[in-house]
Amino acid sequence: MKALGSLLLLLGFGAIWLGELRRRQRETETLDELITALEELSAGIRLTRTPLPRLLRQVGRSRRSEDVMVWLTGAADSLERGEPLRPAWENACRRLPIEDDAREVVAGLGYRLSGDETEICKGISLSADWIRKRAEERRKEKRDCFRQTTAVCFSAAALLLILLL
């Protein structure tokens with residue numbers, strides 16, 4: 001009975017560990033997809049002069065990350081319904097599974113999406129650069145956190161196993 005309890009505890013700690021690992025990986029992948037989407041958005045604005053809702057939908061369809069796709073298509077849907085750009089953009093950003101500071105940078109881009117092409121592209125470029133730096137920081141943090149989380153979870157599981165046996 002003690003062995004079964006110990007095994008269940010070990011599996012529980014392993015599940016917590018995997019959940020945290022997956023959450024961090026999802027956030028890093030979302031940041032990478034955001035960077036790519038913003039760069040495509042900038043290129044589309046500069047080269048094709050496509051209306052923003054259609055451009056958002058096009059860029060959204062080509063995304064691997066469902067979170068980024070939903071964000072872009074949600075913003076496009078809101079714009080097509082006649083909602084003003086800034087609130088539509090900010091509401092769509094709330095659904096992104098990223099940290100608050102990165103979400104604020106992306107949401108703040110809604111203020112820069114109106115105006116001339118140069119200012120819009122500059123705003124997108126600044127946001128993409130900030131997110132790129134944050135994604136790199138997350139990769140470094142991920143390596144450290146992976147080691148720490150692994151050590152804590154399995155040390156706690158081993159301690160409980162020893163105490164129960």
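Reader: How many salt bridges does a search of the whole structure find?
Author: The search finds 18. A salt bridge here is a side-chain nitrogen of Lys or Arg within 4 Å of a carboxyl oxygen of Asp or Glu. This is a predicted model, where local features need pLDDT of at least 70, side-chain atom pairs count only at pLDDT 80 or more, and totals for chains, interfaces and linings use all residues. Residues are numbered from 1 along each chain as its sequence is written, and side-chain values use heavy atoms, leaving out hydrogens and water.

Reader: Which side chain does Glu-33 meet in a salt bridge?
Author: Arg-63, at 2.7 Å, N to O. Glu-33 lies in helix α1 (residues 2-47) and Arg-63 in the loop between α2 (52-61) and α3 (66-80), so the pair ties together parts 30 residues apart in sequence. Helices are DSSP runs (H or I, at least four residues), and strands are too (E, at least two), numbered from the N terminus.

Reader: Is Glu-33 buried or exposed?
Author: Buried, with a relative accessible area of 5%. Arg-63 is buried too, at 10%. Buried means under 20% relative accessible area, exposed over 50%, partly exposed in between (1.4 Å probe, protein chains only).

Reader: And which residue forms a salt bridge with Glu-80?
Author: Arg-57, with the closest N and O atoms 2.6 Å apart. Glu-80 is in helix α3 and Arg-57 in helix α2, 23 residues apart. Glu-80 is partly exposed, at 48%.

Reader: New topic. How many helices and strands?
Author: Six helices and zero strands.
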